[in-house]
Amino acid sequence: MSWQDFEKVDMRIGTIISANDFPKARNPTYQLEIDFGPLGIKKSSAQITSLYSKEELIGKQIMAVVNFPKKQIATFMSECLVMGVYGNNNDVILLNPERKVENGSKIG
């Protein structure tokens, strides 16, 4: 992959504003709404139920890729890819900034 390829990936910080169960997904999943400031609110499907409750996700800043094409997952249209690290048992540990930053801040 070239540096130019990497620059095409638009990674931003957003704040989770809602988290709901997604019973139609194959694996335990939440439907998230994430505020990316000037980019607006985007939806995402995330398999993070083993480490995070819906309540603790609200207000949490996360990193996501915001320029992938939309992806239909069951009856839900995911608009961004929430990023995380695979831990034990493939549990996803969310990536987030060390300090609070403005929603929509670009990762570089």
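Predicted model: local features only at pLDDT ≥ 70, side-chain atom pairs only at ≥ 80, totals over all residues.
With five of the five residues in E4 (residues 61-65) buried, the strand is largely enclosed by the rest of the structure.

So what sits alongside it? Strand E1 (residues 11-21) pairs with E4 in the antiparallel sense, over five bridges. Strand E7 (residues 81-82) also pairs with E4 in the antiparallel sense, here over two bridges. Val65 is a handy residue to look for: Met11 has Val65 as its bridge partner in E4, and Val65 also stands opposite Leu81 in E7.

Next, the greasy part. The largest nonpolar core has 17 residues, and those touching the most other members are Leu32, Ile34, Ile48, Leu57, Ile62 and Leu94. At least two residues of this core come from each of E1, strand E2 (30-35), E4 and strand E9 (92-94). E2 gives the largest share, three residues. As a general point, nonpolar side chains in soluble globular proteins tend to be buried together.

Ile62 is worth a click. Not counting residues up to four places away in sequence, Ile62 touches Arg12, Ile13, Gly14, Ile16, Ile34, Val82, Leu94, Leu95 and Asn96.

Now over to Ser78, which lies in strand E6 (residues 76-78). Is Ser78 buried or exposed? Its relative accessible area is 7%, and buried means under 20%, so Ser78 counts as buried. A polar atom of the Ser78 side chain lies 3.3 Å from the backbone oxygen of Cys80. Leaving aside neighbours within four places in sequence, Ser78 is in contact with Lys43, Ser44, Ser45, Lys70, Lys71 and Ile73.

Last stop: helix H1 (residues 3-7), where Trp3 and Phe6 lie three residues apart, about one turn of the helix. The count of aromatic pairs comes to two. In one of them, the ring centres of Trp3 and Phe6 are 5.4 Å apart and the planes are at 40 degrees, so this pair is tilted.

| Residue | Relative accessibility | Class |
|---|---|---|
| Trp3 | 60% | exposed |
| Phe6 | 33% | partly exposed |
| Ser78 | 7% | buried |

How values were computed:
Residues numbered from 1 in each chain as written. Heavy atoms only, no water. Helix = DSSP H or I, 4+ residues; strand = E, 2+ residues; numbered from the N terminus. Buried < 20%, exposed > 50% of the residue type's maximum accessible area, 1.4 Å probe, protein only. Polar contact = N/O pair within 3.5 Å; in protein donor to acceptor, adjacent residues only side chain to side chain. Contact = heavy atoms within 4.5 Å. Pairing = 2+ DSSP bridges. Core = buried A, V, L, I, M, F, W, Y, C linked by side-chain atoms within 4.5 Å. Phe/Tyr/Trp six-rings, centres within 6.5 Å; stacked < 30°, edge-to-face > 60°.
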